[in-house]
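Please read it beside the sequence and the structure.

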Amino acid sequence: MKAVNYIEDFESWKKSFAFFIPIQIRFSETDMFGHVNNVSPFIYFEEARIAFLKEVGLFRDDMQNTDTIPIVADLQCDYHRQMYFNDQMKLYVKVNQIGNTSIDIHYLGVNQKEELCITGRGRLVQINVHTGKPAPFSEEEKKRLASGP
């Protein structure tokens, strides 16, 4: 695996993931060269991130009736192996770091042969929907994020 700046020891990093969602690569996600278009992993990250946040109780279907929401502040993807139409992916998600108003989330994508395809990371900031300013996570929210689903 190529060096990735947010992963110190790949094997221990990989073992620390528990939560994942299945992703089946659709034809519409491929490009004219037959492999997954470089923007598609960001859609997979979003799907997995929302599923993870729902599991820990920080994302609800009815987000209009809340004072705070998590928004993406930055997001990156590292591509390790090409992915193709009909591949069966597992996209893992974990919280890597919890701050006062933000969390750093890491992603790991492997194909049906358990081969590493993508890794990623991103920072979510919780904001107050009325002011647009960062809002702190409660101690209960931090506890749920730390323990995971």
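Two strands are said to pair if DSSP finds at least two bridges between them. Helices (H or I, at least four residues) and strands (E, at least two) are DSSP runs, numbered from the N terminus. The model is predicted, and local features need pLDDT of at least 70, side-chain atom pairs count only at pLDDT 80 or more, and totals for chains, interfaces and linings use all residues. Residues are numbered from 1 along each chain as its sequence is written, and side-chain values use heavy atoms, with hydrogens and water left out.

**The sheet and its helices**

Five strands make up an open, antiparallel sheet in the order 1-3-4-5-2. Strand 1 (19–24) and strand 2 (68–79) are the edge strands, each pairing on one side only. Strand 2 is joined to strand 5 (residues 116–128) by 11 bridges in the antiparallel sense; D78 stands opposite T119 in strand 5.

Contact means heavy atoms within 4.5 Å. Axes are lines fitted to C-alpha atoms, for helices over the stretch in contact, and angles run from 0 to 180 degrees between N-to-C directions.

| Helix | Strands | Angle |
|---|---|---|
| Helix 2 (residues 40–55) | touches strands 1, 2, 3, 4 and 5 | about 140 degrees with strand 2 |
| Helix 3 (residues 139–147) | lies across strands 3, 4 and 5 | about 135 degrees to strand 3 |

**The cysteines**

A disulfide is a pair of cysteine sulfur atoms within 2.5 Å, and the count here is zero. C77, at 13% relative accessibility, is buried (under 20% relative accessible area; exposed is over 50%, partly exposed in between; 1.4 Å probe, protein chains only). C117 is also buried, at 0%.
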